[in-house]
Amino acid sequence: IAVEPEDAINYRQGAFSAMAWHFGTMGAMVKGKMDYDAEDFSRRAEIVAQLSKLPMEGFIPGSYTGETDALPAIEQEWDKFEGGMNTLIENTAVLAEVAKSGDMDQIKPAFGEVGKTCKGCHDNFKD
Ligand code: ASC
């Protein structure tokens with residue numbers, strides 16, 4: 001299937017936006033800005049873990065100009081980028097697993113690792 005760069009950009013931005021939606025609410029719970037609801041947190045953590053598998057296929061040739069913050073460095077350092085995306089998949093899976101415990105002492109560091117992974121890629125690959 002031939003994919004237009006514009007569609008790939010919209011696709012991956014949609015996946016990242018949905019991730020940020022859920023991760024943001026989880027963050028509010030972790031930081032105590034919202035009451036912690038273990039079941040709701042766990043549900044969102046599962047969604048984030050599944051969503052983390054989606055964006056990668058949207059990073060196609062020709063999709064680093066136009067309506068995107070994704071930098072051409074992604075193509076130049078592809079292995080590093082792919083490694084970061086895989087780390088995101090792994091760390092969100094850990095968070096989803098740990099979330100089942102309902103133990104904030106375990107959830108907090110797992111949440112922090114995911115946040116660091118987000119930021120790591122943004123620092124290198126996002127305008
Ligand atoms: C979020 C969000 C991100 C990450 C990042 C973590 O909630 O939208 O992109 O956390 O800011 O450092």
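Which hand does the crossing of α4 and α5 have, left or right?

What we have here is a predicted model, where local features need pLDDT of at least 70, side-chain atom pairs count only at pLDDT 80 or more, and totals for chains, interfaces and linings use all residues. Residues are numbered from 1 along each chain as its sequence is written, and side-chain values use heavy atoms, with hydrogens and water left out.

Let's start with the ligand. Around the ligand sit A20, F23, G115, C118, K119 and H122, each with a heavy atom within 4 Å of it. The protein buries 57% of the 310 Å² that the ligand exposes when taken alone, with accessible areas from the Shrake-Rupley method and a 1.4 Å probe. Two elements give two or more residues to this shell, α1 (5–30) and α5 (104–125). Helices here are DSSP runs (H or I, at least four residues), numbered from the N terminus. The largest share, four residues, comes from α5.

Now, how do the helices pack? The angle between α1 and α5 is about 135°, and their axes are 11 Å apart; axes are lines fitted to C-alpha atoms over the stretch in contact, and angles run from 0 to 180 degrees between N-to-C directions. That makes α1 oblique to α5, since angles under 35 degrees count as roughly parallel, over 145 as roughly antiparallel, 65 to 115 as roughly perpendicular and the rest as oblique.

Next, helix α4 (residues 78–99) packs against α5 at about 160°, with axes 9 Å apart, so α4 is roughly antiparallel to α5. And back to my opening question: α4 and α5 cross in a left-handed way, meaning that the near helix is turned anticlockwise from the far one by less than a right angle.

Finally, α1 and helix α2 (residues 38–51) have axes that come within 9 Å and cross at roughly 150°. They are therefore roughly antiparallel to each other, and their crossing is left-handed.
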